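Walk me through this protein model, please.

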Amino acid sequence: MAEPTRNRRPKRARTRRGTIARRLGLGLVIAVLVSIIAGFGVVGVAYANTELPDPNAEFATNTTFVYYRDGETKLGSLAVQNRQSLDYDEIPQNIKDAVIAAENRSFWEDPGISIPGMARAAWSIATGGEMQGGSTITQQYIKIYYLTSEQTLSRKFKELLLAVKLGREQSKEQILQGYLNTIYFGRGAYGVQAASRSYFDVDAKDLTVPQAAVLASVLNNASIYDPSAGEGNAERLLERYRYVLDGMAEVGAITAAEASEYKAELPEFPEIPTSNRYEGPDGFLMKMVEDELARVGFSEEEIYGGGLQVTTTFDEEAQEAAVEAAQSNTEEAAEAAGEDADDLHAAIASVQVGTGEVLALYGGPDYIENSRNWATTARPTASTFKTFALAAGLSDQFSLLSTFRGNTFTPDGEGTPVRNEFNYQYGTVNLIQATAQSINTAFVDLTTQLEDGPQAVVDAAKKAGAPEGAGWDVGSRVSLGIAEVSPLNMAGAYATFAGDGKQVGNHVVREVRDADGEVVFEADTEGERAFDEGVAHDVTYALSNVVDEGTGARVQALGRPVAGKTGTNGIEDPDGQQGDGVVNSAWFVAYTPQISTAVMYVAGDEGNSDLDTFRRPGDSTFFGGTYPAQTWTDYMEVVTADLPAEQFEPPAYVNRDRPAGQPTAQPQQPQQPQQPQQTQTEEPSEEPSEEPTEEPSEEPTEEPSEEPTEEPTEEPTEEPTEEPTSGSGGSGGSGSSGSADTGGSSGSSADADGSGGSGSSGGSGSGGSGGSSDTGSDGSGGSGSDDDGSGSQEQGTITGRLLGRDGADSEGSGG
């Protein structure tokens, strides 16, 4: 095919012998082609025996079918040939002239083949190069209508014979008619009538000269000339459009003055309704399949007209569950808040652990109405990003037992203190406690103690599979979640920890077969080692405590081991009054040993509006542990119903024996928390744990009692091989009433083997915990509720179990 410009190749030094050889070779190729035309020898026999094949037999296979992961259930189809054939007289003259000017200016005079073009193609193949252009319209028509795009000399030879035969059996008008009814113009449109509708929403008979010139331009390669198909395409189209207009003037189809006028700019492209193959939630899946096929190397012609059989990774039942969970919870939240459900967006992405296969994805209710895929849209990850700081610390010098600051402090060299949600003060905490309660101060303290800590956190996130994006500013507070990641990439990154530290890229195409049923593509699921197994197991153990005793307690309803993290991102509102803030994303990301699923909620057209409008009645804000965790549970209950309840590997306690992990300085005595504010602080912060069945009470009015005076200084005497149990012993004293940051206060401190006393009823915080936070097991806590509507189990449960106390563990039952 003719091109508007040709890039000059750099000159290379050639030997005289090499030049002669190349010339002789080219001469031989040309001689062979000439002999073909003349019909000499065996070529003449081949020509005599060649018959035009039935085009319908091969052309009917051009539809690409897309299937769910079972390979049998149809998800959709790509480019069922959208064509309405026209008679020759119905095709406007301007599109005939434009296509001839663009593709084959000697069409009316040539014998249907291009000797120089065939010579170039044959020489390129003979010398190991790629197939060259230069085919005539007749040859192109033969290739697409009767043959394949296979780039071999035998196919080119057959194309030649058929072109010569077709040129003798059909008139030029018949060939041009067939070509213009068959050629692919992009946008799923085959033939000029479908293309006119797809690009300009008019019938072919109503095309203007500029519109005809555009269509003649894009048929050369729609993937690089269709202005809607990619960045930079409009500029490339304008260049080729001008080339076509010049050609039309050259052959006398238009005047030079008309060409000059039209070349000033491209015609206007109206907005065209999208094909109904993209209707509903499944439209997002179809678009992802198309994009991935192109990314792994399939051409647009193959995708939309190659008769491919594409087996995806999507599970039909899981997909239906994702749609139901997202839509029902979105409607519930909107109805409870008295708001429009269209302004609240839930996204779900679910990945199979160990393979990276995307089992289900909910990006929105209808791709046609809004093509933004919320499951692939990156938004601030809030406290779910703390998992990467945890992995970075465990990969360096710290262990689950390492202790950090749980109280407000100002990092060295900074002027702004780090605070916890509602200014909670936790005292000295280890990494398990810090993760379970999502303690901001502890994670900033961890980051500052790591060598090049902020970068180490970012590197851990990227190793897990989260691609760097907006908000990934390297600073001491990077783990608090300004960094933006999409739900799909968060699900994949968490799957890395579920998969023993092996990272496998997310993908939606399992296998592709060609029209003959031969496998031409299989996804790579090998993956690569991102973290040591021990680190991955310790991350999982810490995240399990988020569910067992922390902010993710709601998902215990799944009734099987779960490890995960909540996240609620709050920012100050620059347009609001002082102290006003916006909660712009809420998350729950968690996994079982088999499946990793991320749920994100955002609001507004751009996903940056305030979620507080939709918060659960009685809650102080829109927490990740409420609707996101509820959506996660509703979905996972369906997809895990027939799976065995596998257990996670026990924690490895990496770096346990290293002398690292004390707080950077002795923390001050726990300060009395300030009255919880109604708006978020500047740091992305996490909610307190939640009670699934009770609404939260009013904000606390009572002040908490003092934190336990003892700090955990004792190292375990034996390497734990399974989850240690806490001991029972002498009873502790009774706990007093509590406030929002601690619930009920701890009961009287018992000795190392003692169990805590039962706490009295809490205030508006969680119930009191029994015993001191660093020794023994918890007694049963008093009743009460925190701001997120759930009881806190307090620190004693985790630490008592961690230090391996003998005997039974009597956990607190906070309200």
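**A walk through the model**

F622 counts as buried, because its relative accessibility is 1%. Buried means under 20% relative accessible area, exposed means over 50%, and partly exposed lies in between (1.4 Å probe, protein chains only). Before going on, note that this is a predicted model, where local features need pLDDT of at least 70, side-chain atom pairs count only at pLDDT 80 or more, and totals for chains, interfaces and linings use all residues. Residues are numbered from 1 along each chain as its sequence is written, and side-chain values use heavy atoms, with hydrogens and water left out.

Now the overall picture. The chain has 815 residues, and 57% of them count as buried. Its secondary structure comes to 24 helices and 16 strands. Helices (H or I, at least four residues) and strands (E, at least two) are DSSP runs, numbered from the N terminus. The accessible surface comes to about 33,800 Å². Carbon and sulfur atoms own 44% of that surface. Such areas come from the Shrake-Rupley method with a 1.4 Å probe; for residues, only the protein chains shown count as cover. Next, contacts, which means heavy atoms within 4.5 Å. Take the contacts in the chain with a separation of 6 or more: 73% of them join residues 24 or more positions apart.

How far can the model be trusted? Look at pLDDT, the predictor's confidence in each residue, from 0 to 100. The chain averages 76, and 66% of the residues score at least 70. Over residues 130-134 the pLDDT is below 50, and this stretch has 18 contacts beyond near neighbours in sequence. Residues 664-815 also stay under 50. For them the model has 421 contacts beyond four places in sequence.

Turn to the interior. In soluble globular proteins, nonpolar side chains tend to be buried together. A nonpolar core is a set of buried Ala, Val, Leu, Ile, Met, Phe, Trp, Tyr and Cys residues joined through side-chain atoms within 4.5 Å. The largest core here has 89 residues, and L293, F385 and F388 touch the most other members. The largest share of this core, eight residues, comes from α21. Another core lies apart from it, with 44 residues, among them L176, V214, Y225 and Y243.

Which residues does F388 touch, not counting residues up to four places away in sequence? The list includes V457, A460, M490, Y494 and F497.

Rings come next. Rings of Phe, Tyr and Trp (its six-membered ring) pair if their centres lie within 6.5 Å; planes under 30 degrees apart count as stacked, over 60 as edge-to-face and the rest as tilted. The structure holds 21 aromatic pairs. One of them joins F388 and F497, a tilted pair with 6.5 Å from centre to centre and 35° between the planes. F388 lies in helix α17 (residues 386-395) and F497 in helix α21 (residues 487-498), so the pair ties together parts that are 109 residues apart in sequence. Both F388 and F497 are buried. F622 and Y627 make another pair, with centres 5.6 Å apart and planes at 40°, so this pair is tilted. Y627 is buried, with a relative accessible area of 3%. Ring pairs also link a cluster: F385, F388, W472, Y494, F497, F531, Y591 and F648.

K172 lies over the face of F107, at 4.6 Å from the ring centre. The charged end of R187 sits over the ring of Y199, 4.1 Å from its centre.

Now follow helix α10. It is mostly covered, with 10 of its 10 residues buried. V209, L215 and V218 are among them. The cover includes α4 (93-103), α9, α11 (222-225), α12 (233-250) and α13 (256-262).

Finally, visit some loops. Most residues other than glycine have a negative phi, and most peptide bonds are trans. D201 has a positive phi, near 55°. D201 is found in the loop between α9 (192-200) and α10 (209-218). Is D201 buried or partly exposed? Its relative accessibility is 40%, so D201 counts as partly exposed. A382 also has a positive phi, about 55°, although it is not a glycine. A382 lies in the loop between β6 (379-380) and α17. A382 is buried, with a relative accessible area of 0%.

How values were computed. A charge sits over a ring if NZ of Lys or CZ of Arg is within 6 Å of the ring centre and within 35 degrees of the ring normal.
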